[in-house]
Amino acid sequence: MKHPLLARIGTVCLAGALAAGVLAYGLPDLSLPAPGVALSLAPPITVPAWTQQVDTLERGETLSSLLAGAGLPGADIVGALEAAVGFDSRRARAGMPVTVRTFAADTTPSELIFQLAIDRLLHVRRSAQGWASEEVRLPWTTDTIVVSGTIRSNLYEAIDRGAGDNLTPAARAELAWTIADIYEYRVDMSRELREGDALRVLFERSVGPGGAVRVGKVLAARFVLSGEAVEAIRYASASVGGDYFDQTGRSLRAAFLRTPVAFRRISSRFGMRRHPILGTMRRHQGIDYAASSGTPVRAIGDGVVLFAGRKGGYGNVLEIRHRNGFVSRYGHLRGFARSVRRGSRVTIAQTVAYVGSTGLSTAPHLHFEVLVNGVHRNPRVALNQKGGDPIPKRERAEFDGQRAMLVASLDQAVQTPVDVASMEEAP
Ligand SMILES: [Zn+2]
């Protein structure tokens, strides 16, 4: 189907304006890089004036019928699609933008541009030798930004407010997940954050064609949890690999994850409040995580499976024995991961089961318990860890130097405008 506006207007482009033409097709709101940058990606040829229209492949529509509708003769459709290297036209996704361009000297379309991905274009062009294709990558630019926020209800909401216009909604969620992953040995972001906890994070942001935004590496972060600051400083060396360390130089990795359900699996829609089931189970001795059926359940630490099967009100239940008398228990499961049975070894963060609603349960959720030497313990207390291995002594000076640099960047004023509330709340 023709793009309602562009199809009608078309675009007339003059010779020499190839770069702008390549980038502008179908994406009128693009912020264009300097033409010279993009031009280097395109072949150095003289391009005649042309007109173009941008169509979108509809659900159920074939690429051939779209091209025929755009005036491309049958023989050219076959030739062009055969020349489209690495592109299977039968698998073209609905919604894919297709630009059909006709040079001034031609009576039928001379060039087709398929947008394979947000940053990948496949140009298929006709010449005297027939049709030939070339893939063009659109550039991403990377910068480093600081986002700060204060918890009012949950992490998603704090980052939404703190990021303002600097991140797209998808990138904000990605940032929340990335932070939760970095701190997953220290804090259960879905259950343990309190109002007033504050976050500041320095990270790489990539901005791509059409305003797409990706969250790159987090370089440094500081989370103030119940008044206590826990830094996450990225530090990489041959001996420690790439990892995060707190301000005392201890690895954020530890023996146990704080939660068996990854934060990215708990949407902002639910799981942030107490689950209604909680009040209905008598002598409740664990933590409930509301998550949809089939959500992966992770082993909280290395261990050996003690039990995997049905057990009364727990429904399908998994028990894992860890070191130092620790046992973790996961209830109401829909099922177990393959190879998980009594006696099998599991490693930390391995998917061992799936959330369900078996046993005494009225909605899908994970019931999670921790026992130490056979006695129920509050997981929040039992799994509280102050950190993993320290930076090797001989690298300590280097780590301290790198930390000082990153913390200075972390604490500098947020360069790009953020909303007033988060600026005032920044530490
Ligand atoms: Zn429960």
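The legends below describe close-up views of a predicted model.

View 1. The predicted model has 11 helices and 20 strands. Of the 427 residues in the protein, 50% are buried. The exposed surface comes to about 20,700 Å², with 53% of it supplied by carbon and sulfur atoms. Among contacts with a separation of 6 or more, 64% are between residues 24 or more positions apart.

**View 2. Confidence along the chain.** Mean pLDDT for the protein is 83, and 70 or more is reached by 81% of its residues. Residues 1-42 stay under 50, and the model has 61 contacts beyond four places in sequence for them. Residues 417-427 are also below 50, with 16 contacts beyond near neighbours in sequence. Where pLDDT is low, the predicted coordinates should not be read in detail.

**View 3. The hairpin of strands β15 and β16.** Strand β15 covers residues 316-321 and pairs with β16 in the antiparallel sense over five bridges. In this pairing E319 stands opposite R329 of β16. Four residues lie between the two strands of the hairpin, and N324 in the turn has a positive phi of about 60 degrees.

View 4. Strand β16 spans residues 326-336 and is mostly covered, with nine of its 11 residues buried. Six bridges join β16 to strand β19 (residues 365-372) in the antiparallel sense. R329 stands opposite E369 in β19. Strand β18 (residues 351-355) runs antiparallel to β16, and three bridges join them. Here L333 stands opposite V355 of β18.

Note on methods: Residues numbered from 1 in each chain as written. Predicted model: local features only at pLDDT ≥ 70, side-chain atom pairs only at ≥ 80, totals over all residues. Heavy atoms only, no water. pLDDT = per-residue confidence, 0-100. Contact = heavy atoms within 4.5 Å. Buried < 20%, exposed > 50% of the residue type's maximum accessible area, 1.4 Å probe, protein only. Areas by Shrake-Rupley, 256 points an atom, 1.4 Å probe, with all protein chains shown as cover. Pairing = 2+ DSSP bridges.
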